[in-house]
Amino acid sequence: MLRVLAVDDEKPLLEELLYLLRSDPRVLSAEGASDATEALRRITRALETGPDGPDGIDVVFLDIHMAGLTGLDIARLLAGFAQPPLIVFVTAHEGFAVQAFDLKAVDYVLKPVRPERLAEAVRRACAQLGRAAALPPEPTEPAGPVVPVQRRPTPEVTVADRTADQIAVELGGVTRFVAIADIAYVEAQGDYARLHTDDGSHLVRIPLSTLEERWAARGFVRIHRRHLVALGRIDELRLDAGTTSVRVGSAELQVSRRHARQLRDLLMRQATG
């Protein structure tokens, strides 16, 4: 199991990287640093306590272009230590690969980061550290309580409506289209939004408020300042000690007080309609 530090001075991209790393069962912990100074402070503490210490870091996933010291500068500094953590560069620029591998980098991952490409970088780090790189079996989700919500079947999409019923996402420089009907809920991440489907998630540079306005007629409702949910994908409504939440697949999402009454009314109309 790897202990990871991810370093990137663009917060949404750092959050995306941490999200993907934490989703990998081979990663024990993944912490973030938003600049070179913070990264060096954490790495120095890890080196002082030793590889088996509480602050140990096995791998640093490192952006190259940052304010102040670059990722290459950090890697050169680490090369002077006896047992530095491994380095994986994560960058939007192809031109530094030779320098990166001269610095004994384990891998060189291009942005936007594809989950399968990042998984390969994790595998290589595990292999270099002599640790098992196989994915362990996924844990089963415990069954939850409560009020089952009747779900409406997703309407079929005609060929004529194809473009309007999809949203474009970028993956590794390739544009693909995700059907809006496949999206269960959307999570705000600054000026970005993360689209959650049954098969994974996608980050798009669209504010949640914009998607709320565009998709209101498609059955998406705001339940919290951070979440927009497809009404037909809600499986359970939970009421506990004055708080409201919903279960959407395996995710449990909080409902803010200002949205709770409207959501209950909409679910009631859906159940009786």
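Which residues of strand β3 (residues 59-62) are buried on one side, and which on the other?

1. In β3, Val59 and Phe61 are buried on one side and Val60 and Leu62 on the other, which leaves both faces of the strand covered; buried here stands for under 20% relative accessible area, with over 50% called exposed and the range in between partly exposed (1.4 Å probe, protein chains only). In a regular strand the side chains alternate between the two faces of the sheet.

2. On the basis of these notes: the model is predicted, local features need pLDDT of at least 70, side-chain atom pairs count only at pLDDT 80 or more, and totals for chains, interfaces and linings use all residues. Residues are numbered from 1 along each chain as its sequence is written, and side-chain values use heavy atoms, with hydrogens and water left out.

3. Strand β3 pairs in the parallel sense with strand β1 (residues 2-7) over four bridges, where leucine 5 stands opposite valine 60. β3 also pairs in the parallel sense with strand β4 (residues 86-91), again over four bridges, and there valine 59 faces leucine 86. Pairing requires at least two bridges found by DSSP, and the elements are DSSP runs numbered from the N terminus, helices being H or I of at least four residues and strands E of at least two.

4. Helix α2 (residues 36-49) packs on helix α3 (residues 71-78) at an angle of about 20 degrees, with the axes 11 Å apart; the axes are lines fitted to C-alpha atoms, for helices over the stretch in contact, and angles run from 0 to 180 degrees between N-to-C directions. The two helices are therefore roughly parallel to each other, a label given to angles under 35 degrees. Ala36, Ala39, Leu40, Ile43 and Leu47 of α2 make the contact with Ile74, Leu77 and Leu78 of α3, contact being heavy atoms within 4.5 Å.

5. A separate open sheet has five strands in the order β11-β10-β9-β13-β12, with antiparallel pairing. Its edge strands, β11 (200-204) and β12 (220-224), each pair on one side only, and the twist averages 25 degrees from one strand to the next. Within this sheet, six bridges join β9 (residues 183-189) to β10 (residues 192-197), and glutamate 187 stands opposite arginine 194.

6. Histidine 227 belongs to strand β13 and is buried, with a relative accessible area of 12%. Beyond its neighbours within four places in sequence, the contacts of histidine 227 include Tyr185, Glu187 and Leu253.

Terms used. Parallel < 35°, antiparallel > 145°, perpendicular 65-115°, else oblique.
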